[in-house]
Amino acid sequence: MRGLAEIVRLRTGECREAVDTIAQIAAEEDDVDQKAAAHVAQCLRCQAEVAAYRRILRHLRAMRREGIAPPVGSLAAVLAALETAAAEQNVASNTWVIRAAYVGGITVATAAAGAAGVMVWMSRRRPGLADTG
Amino acid sequence: MIALPSADLKRLVDAARKGDRAALDDLVRVTYGGTYTLAYRLTGNEDDARDVVQDTYLRAYRGLRRFRGDAQFTTWLYRITVNCSANLLAKRARTRTEALSEDEPVVDIRPDSDPEQRMAGEDERARVVRALGVLPWRLRQVIVLRDIYDLPHASIATELGISEAAAKVRLHRARRRLRELLAADFGGGFGDSEESRDARAS
């Protein structure tokens, strides 16, 4: 037969092992360790812990509905930052259009020059071909 | 946050996506309070919350065209807020010379350790808020997301870029630490943290 001291020691050990389960039980979560839950169900000390954690959770959950007032001027600062970002994006986008037009222009000019060169070369080659024929 | 019917919010989002600046400003105004509150809860102070909120809206603005609309806009915005706050706090922790570790003991906020505070008779809510504020940020994050905002474990894991099992372990640890901090206010506890047990066993 176990002595009182041993029972107290074992129970305290089980209480410690159930510590995570206590918060889960208080939070009404699904994946609770069944062995620990069985201990909590018959341990007054652990049940007191569940009640204490429920009180903490009640305060935490109440915070969900409570807004914190932003400091004065912070909204205006965000709107100004967005304005700047939008302006930068426009500049970047305009720069891109100018670059695209520039690169496009060079490409077209190069292609045109190439085509002209080919035409000149072809026209100069024709008499030669006629001579050999 | 100003309560706005979801249809109105969707209209604002659609207009903002098409480049309507006024709609974008309105969108910021109606979501600002909620975003700031979340940022404050996650960071625990006003200055960081302001930085996080600004970063959040800039990122949201740049990514607005990619927002598909299959999730709630506010949910999408809150995800960015969580991400921005994690980035800011992680960056700060890396650059801090004193590098406060999660394993180091946190400030003792029990009223019996501060007679003046006890005299002031703070109510329970204020003590919970204070305890949350002194939790290391990684632990505070999971408590905020799970116990205040009621996010499922899987979503918390996704937001924090860790496995679901790791998110649960972190939550257990956070709740234990919070409970220890509030032991004097909410009755006993087991008065024996995992850390002190580990130290005794070794």
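Predicted model: local features only at pLDDT ≥ 70, side-chain atom pairs only at ≥ 80, totals over all residues.
Residues are numbered from 1 along each chain as its sequence is written, and chains are lettered from A in the order in which they are written.

**Exercise 1.** State how many helices and strands chain B has.

*Solution.* Helices (H or I, at least four residues) and strands (E, at least two) are taken as DSSP runs, numbered from the N terminus. On this basis, chain B has 11 helices and zero strands.

**Exercise 2.** Find which residues touch the most other members of the largest nonpolar core.

*Solution.* Begin with the term: a nonpolar core is a set of buried Ala, Val, Leu, Ile, Met, Phe, Trp, Tyr and Cys residues joined through C-beta atoms within 7 Å, where buried means that 20 or more other C-beta atoms, placed from the backbone, lie within 10 Å of the residue's own. Of the 55 residues in this core, those touching the most other members are A:Ile22, A:Ile56, B:Ala39, B:Val142, B:Ile143 and B:Leu178. Helix α2 (residues 21–43) of chain B gives the largest share, nine residues.

**Exercise 3.** Describe how domain 1 of chain B meets domain 2 of chain B.

*Solution.* Eight residues of domain 1 are in contact with nine residues of domain 2, contact meaning C-beta atoms, placed from the backbone, within 7 Å. On the side of domain 1 that touches domain 2, the largest share, five residues, comes from α4(B).

Terms used
Buried ≥ 20, exposed ≤ 12 C-beta atoms within 10 Å, placed from the backbone. Contact = placed C-beta atoms within 7 Å.
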